[in-house]
Amino acid sequence: MIWEVIITDSLKQRLESSGLTGITFRPVIKHHIIELSWERWVLTALEPPMSLETSEPLDYFTNQPHVAQIADKVGELWELSLKEHALWVSGLGITSWDGIDWFRVKDSKQPTDYIFVSARAKTWLEQTVPAWVTFGDVRWKLRGERIIDSIRNGAV
């Protein structure tokens, strides 16, 4: 499950002209961009591709120096800033929603919240960036009746 969504400047421009609601953007400050050739790793190897002082996977990143040239090459990045527009009740799922296309839902039993999109936003994402998103089923209980979301509005 993804809790933060970071996008490129070109996708930001397309989202701004999409007519989808609920999205604001915050610039990403790239203060620790590293060079890591992960695509060359042998994923079936018995040992990690690099030795670490600890067993913490984050050390692959934190122990590497910032490379300004790579940060510049990546270009501008943006975080989608989303607000809560629905209520989640454990065991029931989403019990209210105001119709916004992109929104967060807090689950009091989880340390973070979830990101959801409307059917309209789902269709736009599937047409615009199909390789970058997957969707899952969401359980709804609106107006006293349980509805299983057949069009797979989902967490991005």
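This note reviews the predicted model in numbered points.

1. Basis. In this predicted model, local features need pLDDT of at least 70 and side-chain atom pairs count only at pLDDT 80 or more, while totals for chains, interfaces and linings use all residues. Residues are numbered from 1 along each chain as its sequence is written, and side-chain values use heavy atoms, without hydrogens and water.

2. Confidence. The average pLDDT (the predictor's confidence in each residue, from 0 to 100) is 80 for the chain, and 85% of the residues score at least 70. Helix 1 (residues 9-16) has the highest confidence, at 96, and strand 9 (residues 145-148) the lowest, at a mean of 38. Over residues 143-156 the pLDDT is below 50. Where pLDDT is low, the predicted coordinates should not be read in detail.

3. Helix 1. Helices (H or I, at least four residues) and strands (E, at least two) are DSSP runs, numbered from the N terminus. Leu 11, Lys 12 and Leu 15 of helix 1 are buried (under 20% relative accessible area, 1.4 Å probe, protein chains only). These buried residues fall within an arc of 105° seen down the helix axis, so they line one face; the arc is that of the directions from the axis to the C-beta atoms. Their cover includes strand 6 (102-106) and helix 4 (119-128).

4. Three strands form an open antiparallel sheet in the order 1-3-2; strands pair if DSSP finds at least two bridges between them. Strand 1 and strand 2 are the edge strands. Four bridges join strand 2 to strand 3, and Pro 27 has Trp 78 in strand 3 as its bridge partner.

Terms used. Contact = heavy atoms within 4.5 Å. Buried < 20%, exposed > 50% of the residue type's maximum accessible area, 1.4 Å probe, protein only.
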